[in-house]
Amino acid sequence: MIQTDQGATVEALIAHGEVTAAAVDRARERAAMQGTPVLEVLLADGTIDRRALLRMAAVAAGVDHIDLTDHPVDASAAALVPGEFARRSAALAFGWDGVELLVAVPLRGIADLDLKDDLARLSGRRVRLVLGNRTEIEHRINQVYRAEGELADLTANLVVEEEQPDLDSFTEVAGDAPVVRFVSLLISQAISDRASDIHIEPTEREVRVRYRIDGVLQDAHRAPRSIHAGVVSRLKIMAEMDIAERRIPQDGRLTVNHDGKAIDLRIATLPTVWGEKIVARVLDNSNTRLGLGDLGFSRPNFERFAESYTKPYGMILATGPTGSGKSTTLYATLNVLNQPHVNVITVEDPVEYRLAGINQVQTNNKAGLTFASALRSILRSDPDIVLIGEIRDLETATIAVEASLTGHLVLSTLHTNDAPSAVTRLVEMGIEPFLVGSALDAVVGQRLCRKLCERCREPYLPPAAELDALGFTPDAGVDHLYRPGGCTACAGTGYRGRMALHEVMSVGEDIERLTVARASTDEIGRVARAQGMTTLREDGWLKVQQGSTSIEEVLRVVG
């Protein structure tokens with residue numbers, strides 16, 4: 001991975017005080033034993049960071065270096081290098097120094113004379129190479145060489161009749177090269193932008209495309225209405241759906257390859273007055289490899305949760321609205337629990353992520369395989385741990401409760417506003433209160449909020465009255481908070497990525513007695529808080545104080 005003069009870079013690190021000679025000697029010993037470059041050892045043990053390495057590698061190579069994260073890119077410079085070549089070579093023309101075209105390249109590109117010659121030939125300019133971080137270069141290339149230009153060209157040339165009475169016409173249109181390219185660009189751009197959903201919506205005069213990024217919908221593209229039929233047919237064919245049926249909703253699934261990684265998309269169609277709306281959920285399997293430590297649990301919440309999932313039996317529920325990360329939390333829990341000596345079976349509708357080493361069952365209501373019938377079958381398959389995608393009805397809830405009382409660890413989700421509400425919801429479904437109290441071991445309520453971009457967040461101190469209204473008392477020690485700024489790394493939003501807010505309610509004897517007595521949600525909540533449960537809002541304020549998110553974002557998701 002490190003393709004520069006190792007010795008010169010190490011000497012530069014020492015000379016500039018980035019690392020001591022003694023640390024280098026120790027790293028050399030380890031590098032010799034492991035058979036890896038000394039720079040990789042220094043990076044792996046945290047002695048140096050990549051930015052320091054980049055600066056010193058530039059010094060050793062006798063070139064400048066550039067941090068592209070917040071550096072503007074001159075559109076006139078970028079336009080001289082075709083996007084395809086820029087992506088293939090990881091070379092971004094970002095600016096000018098007099099008449100010289102400045103091009104950022106990773107370490108291995110600095111000594112590539114052919115690359116420099118190719119850039120000079122393509123641009124017709126003198127080229128000076130500047131050292132940059134490869135990940136940042138590739139990220140900025142994806143931003144600079146956006147798909148809008150090509151999408152606009154395609155939509156201008158695509159004219160499709162709004163009504164296609166012939167099935168063959170649909171197939172022909174869907175297979176048309178511009179339509180294929182248009183759909184591919186929409187999907188590729190969405191994945192590059194970290195979108196979780198793609199909305200393709202017909203209106204009276206146009207087709208609107210929106211991406212949901214970090215939980216918020218953003219306009220991405222608008223196209224003439226004439227393209228709608230071809231795009232819908234193309235996606236239906238890819239997802240193996242019935243292209244002739246436009247009157248009822250349909251569901252499908254497809255897999256695309258993006259930068260060498262297989263990405264699944266779950267496609268749903270919905271007939272509207274202006275035609276079929278399509279929503280594609282982007283299912284990035286990297287989410288299934290998340291550990292519980294990656295989910296943002298505070299230490300007290302994590303310890304409470306760990307007490308429950310390490311027990312051999314009982315029921316654990318994750319609650320919250322759609323899109324609050326409940327499934328991700330349960331998958332991360334399964335990653336911890338999935339061991340060779342246990343049998344883990346899931347029942348889901350649909351199976352969104354494929355998990356290695358776990359038996360996953362997808363319900364099929366048309367064939368009679370409902371949550372309840374699937375649960376009865378898998379309980380005869382000797383499971384130790386059962387995950388139920390969602391408790392939707394009395395029958396499913398009854399079987400889940402019985403399974404947890406007969407020696408199984410049961411994980412599931414439930415749509416409630418907070419953790420205490422889960423108890424009363426199960427009772428309202430018709431489960432006997434004494435069974436709910438005995439079976440339920442813990443409830444995790446959660447929401448997802450956007451994380452502040454660490455590169456552009458701004459420190460500030462709100463007025464004392466505002467802090468007091470939000471519950472920040474003087475002894476909280478708040479000397480400053482952070483609010484969103486805006487930079488190229490976060491597309492000017494001030495936020496990048498998401499994190500979870502949690503409340504973890506352990507069901508002990510006191511809450512069990514309240515459950516049997518059919519106590520209200522408010523009463524259960526008061527006892528849970530008295531026993532140390534941190535509410536969603538309190539967990540949000542903790543993360544505000546840590547500088548992870550903003551007051552406005554916490555208020556947006558938990559009120």
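As a predicted model, it is read with limits: local features need pLDDT of at least 70, side-chain atom pairs count only at pLDDT 80 or more, and totals for chains, interfaces and linings use all residues. Residues are numbered from 1 along each chain as its sequence is written, and side-chain values use heavy atoms, with hydrogens and water left out.

Reader: Glad to be here! In which order do the six strands form the open sheet?

Author: A strand here is a DSSP run of E with at least two residues, a helix is a run of H or I with at least four, and both are numbered from the N terminus. Two strands pair if DSSP finds at least two bridges between them. The edge strands, β6 (216–224) and β7 (250–258), each pair on one side only. The pairing is antiparallel, and the order is β6-β5-β4-β9-β8-β7.

Reader: By how many degrees are neighbouring strands of this sheet turned against each other on average?

Author: Axes are lines fitted to C-alpha atoms, for helices over the stretch in contact, and angles run from 0 to 180 degrees between N-to-C directions. For neighbouring strands of this sheet direction is ignored, and the average is 20°.

Reader: Over how many bridges do β8 and β9 pair?

Author: Strand β8 covers residues 261–272 and strand β9 covers residues 275–283. P271 stands opposite E276 in β9. The two strands pair in the antiparallel sense, and the number of bridges is nine.

Reader: At about what angle to β9 does helix α13 run?

Author: Contact means heavy atoms within 4.5 Å. Helix α13 (residues 228–238) lies across β4, β5 (206–213), β6, β7, β8 and β9. Its angle to β9 is about 45°.

Reader: Is H199 buried or exposed?

Author: Buried means under 20% relative accessible area, exposed over 50%, and partly exposed in between, with a 1.4 Å probe and protein chains only. H199 lies in strand β4 (residues 195–202). Leaving aside residues up to four places away in sequence, H199 touches R208, V209, R210, R212, L217, K277, I278 and V279. With a relative accessible area of 10%, H199 is buried.

Reader: With the side chain of which residue does the side chain of H199 make a polar contact?

Author: A polar contact is a pair of N or O atoms within 3.5 Å; within protein, one must be able to donate a hydrogen and the other to accept it, and residues adjacent in sequence count only if both atoms are side-chain atoms. For H199 the contact is 2.9 Å, and the partner is K277.

Reader: How many salt bridges does the count come to?

Author: A salt bridge is a side-chain nitrogen of Lys or Arg within 4 Å of a carboxyl oxygen of Asp or Glu. One of them joins E201 and R208, with the closest N and O atoms 3.0 Å apart. E201 is buried at 9% relative accessibility, while R208 is partly exposed at 22%. The count comes to 27.

Reader: How many residues apart in sequence are the parts that D97 and R128 tie together?

Author: The side chains of D97 and R128 meet in a salt bridge of 2.2 Å, N to O. D97 lies in strand β1 (residues 92–97) and R128 in strand β3 (residues 126–131), so the pair ties together parts whose separation in sequence is 31 residues.

Reader: Which helix holds both K543 and D539?

Author: The side chains of K543 and D539 meet in a salt bridge of 2.8 Å, N to O, and both residues are buried. They are four residues apart, so about one helical turn separates them, in helix α23 (residues 536–545).

Reader: How many disulfides does a search of the whole structure find?

Author: A disulfide is a pair of cysteine sulfur atoms within 2.5 Å. C453 is buried at 3% relative accessibility, and C456 is buried at 11%. The search of the whole structure finds zero.

Reader: From the backbone oxygen of which residue does a polar atom of the H408 side chain lie 2.9 Å away?

Author: H408 sits in the loop between α17 (394–405) and β14 (409–414), and counts as buried at 12% relative accessibility. A polar contact of 3.4 Å also joins the side chains of H408 and T406. The backbone oxygen at 2.9 Å belongs to A403.
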